[in-house]
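The sequence and the structure come first.

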Amino acid sequence: MDEFELEDNLEFLLQSIQELMEENHPFGEASQSEIFASLVSHGQVNMLPDVSVEDVASGKDLQGIPWEKMVFERRHYRDMKMKNYRNYQNLSYAREDALQECKQVENDSPYYDFYYNTRRARPSIVHFQLRNLVWATTKHDVYTMHNQSVTHWSSLEQTSTELINADDCIVPKQRGHGSQSVAMVQVTTMAVDGNLLVVGGFQGELICKRLEEDGVVFSTRVTDDENAITNSLDIYEDPSGSRRLVAANNDCSIRIFDIECFDLLKHYVFPWSVNSVSVSPNGKLFAVLGDHEDGLVVDPKCGKAIGALKGHLDYSFASAWHPDGNILATGSQDTTCRLWDIRNLSQSIAVLGGRMGSIRCIKFSQDGRFLATAEPVDFIHIYDSYTDYSKSHEIDLFGEIAGLSFSPDAEAFYVGIADQTYGGLIEFHKRHQHHYLNCLW
C-alpha cells in the first residue's frame, strides 16, 4: 500500500477538460473561462440540499449537479472523463491483458432504484486505496465517516449522530489487555457487526465501540512500526462460536483479537503489506490480499497458506465471500474482480471487468443473490449471481466512492460519494417485479 494523498475527482475532471480545450476545442467554441465558471463551486463548502426521489422525478440530478448550467451536457463530461482518466497501478502491464479474460455481461438490468441522497452523512476518504467506509446494519441504519467523525445515519428519522470524534483524545473504558488512549486518529477503514463498531487508523490505531454503550470500550495502537496503516477489518464468529476481530495492517501483519476483553490472540506475518483480509462464513478461512499480484487463502488457526489466488496483475485491496462459503470475490488494481471456487483454486471461475479503474470495494448481499463492486470513482456494478453473473446493474455517478453496503435484507443499497460539493450518502431501494410490494416499504 502506498502513502499517497487522494486525488480529487472533480479537480481531475477540470484538468482533463482544460487539456481537451487545448486540443482544437473538440466540444465547441466555449472558452476556458466558461468551463472554469461551470465548476467553480467545486472548492466551496458543501451547502447543497438533500435530493429525494420526488426531486429526481421532477428532473433534478440525483447528485444535485446542475447540468443545465454546465458548458457541456452530462454525457459529454462522461465521455471526457472516460477518455482522460488514468487508473493507478503499482505494477507494469497493459490493461488489455487484464481484461482479455473478462466475462461478457449485460449492463441493463436495474435491480435498485434511487431513493434519497443526503449531504448530512457525506463520507470522506483518508487513503485513496481504502474504500470500505459505508456499513448498513439495517435498511434504515448506516455507519460512515466524515472528517474523522464516525457517524450513524438514520434514514427513517433523517438524522445524523456522531458516535466517535477521532480527532479528540479517546480514553477507553477498558484498562489492561493492551488498551491505551489514542488521539487525532485519521480513520482509514471500519467494520460494523451486531453491536460492535470498529475503526482503524493511519498510524495503526484500533478503536472499538459497543453501540448500546456510551464511550469507547477499547482503543490501542497495534504496532509501533512507522508503516502501520490499518487497512482492513472484519468481525466474525470462529468455529467454536467465539466472536473475533481480525485486522490487516501495512506492517505485513494480520492480528486476531477476542472481542470480549480484546486480548490479542494471534499475530501472523506475511512477505508483503496486507491490504485486505476477509473471513469465510464458517470462520474457517481467511482471504489475504496485499502488495502482491497473488492472494492467499489462509488457515486462521495457524496462519499458514492453504491455497494461492493466481490471476490478478496488480495489488489487490478488496475481497468478499458468498454466503454459501464456496465463492470468493477479489478486487484488484488491474480493474477486475475475480471469482474463485474455494474447492478448486487452480484458476478463477470468472473475471468481471470495471469501466475505468481499480476494484476497491466488494460486497455480497446476505441472501447471496447480488455482488456489488466499486471502482475508485464514478462506477458501481451490481451483478446477479442467479444469472451466473452475466447480468448487472451499472450505477453511473460522479465522484470518489468511499464505500458501499447492502442492508441485511438486501432491500436497501447505500453508496458513499466523497466530494466536497456533490458528495453524499446515496440510498437505493430494491426494485420488485410487483409494484404493490414497493408500497410496503
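The model is predicted: local features need pLDDT of at least 70, side-chain atom pairs count only at pLDDT 80 or more, and totals for chains, interfaces and linings use all residues. Residues are numbered from 1 along each chain as its sequence is written, and side-chain values use heavy atoms, with hydrogens and water left out.

## Overall make-up

The protein has six helices and 30 strands. Both are DSSP runs numbered from the N terminus, helices being H or I with at least four residues and strands E with at least two. Of the 441 residues, 60% count as buried; buried means under 20% relative accessible area, exposed means over 50%, and partly exposed lies in between (1.4 Å probe, protein chains only). Among contacts between residues at least 6 apart in sequence, 54% join residues at least 24 apart, where contact means heavy atoms within 4.5 Å.

## Nonpolar cores

A nonpolar core is a set of buried Ala, Val, Leu, Ile, Met, Phe, Trp, Tyr and Cys residues joined through side-chain atoms within 4.5 Å. The largest one has 39 residues, and V150, M190, V198, L206, I207, C208 and L245 have the most contacts inside it. At least two residues of this core come from each of β4 (141–146), β9 (187–193), β10 (196–201), β11 (205–210), β13 (230–237) and β14 (243–249). Not counting residues up to four places away in sequence, V198 touches T189, M190, A191, L206, I207, C208, L233, I235 and L245. A second, separate core has 21 residues, including Y111, F370, A372 and F406.

## The largest pocket

Rolling a probe the size of a water molecule over the atoms shows where empty space is left. A pocket is defined on a 1 Å grid over the protein atoms alone, as an open set of points where a 1.4 Å probe fits, with protein on both sides within 12 Å along at least five of seven lines; lining residues have an atom within 4 Å of a point. Grid points are joined across faces, edges and corners, and a volume is the space filled by probe spheres set on the points.

The largest pocket holds about 1100 Å³ of space. Its lining has 44 residues, of which W135, D234, I235, K363 and F364 lie nearest the centre. Two or more lining residues come from each of β3 (134–136), β9, β13, β17 (274–279), β21 (316–321), β25 (361–364) and β28 (392–406). The most come from β13, which gives seven residues. By class, the lining has 21 nonpolar, 16 polar and seven charged residues. Here Ala, Val, Leu, Ile, Met, Phe, Trp, Tyr, Cys and Pro count as nonpolar, Asp, Glu, Lys and Arg as charged, and the others, Gly among them, as polar.

## Single residues

The table lists pairs of residues with their separation along the chain and between C-alpha atoms.

| Pair | Apart in sequence | C-alpha separation |
|---|---|---|
| V351 and C337 | 14 residues | 5.8 Å |
| C169 and V182 | 13 residues | 5.8 Å |
| R210 and L197 | 13 residues | 6.3 Å |

V351 is in strand β24 (residues 350–353) and is buried, because its relative accessible area is 3%. Leaving aside neighbours within four places in sequence, V351 is in contact with A98, E101, C102, K103, T336, C337 and R338.

C169 is in strand β7 (residues 169–170) and is exposed at 56% relative accessible area. With neighbours within four places in sequence left aside, C169 is in contact with S181, V182 and A183.

R210 is in strand β11 and counts as buried, at 12% relative accessibility. Beyond its neighbours within four places in sequence, R210 is in contact with N195, L196, V217, I259, E260 and F262.

Q158 is not a glycine, although it has a positive phi of about 60°. Q158 is in the loop between β5 (149–154) and β6 (159–165), and is partly exposed at 26% relative accessible area. C252, also not a glycine, has a positive phi of about 70°. C252 is in the loop between β14 and β15 (253–258), and its relative accessibility of 21% makes it partly exposed.
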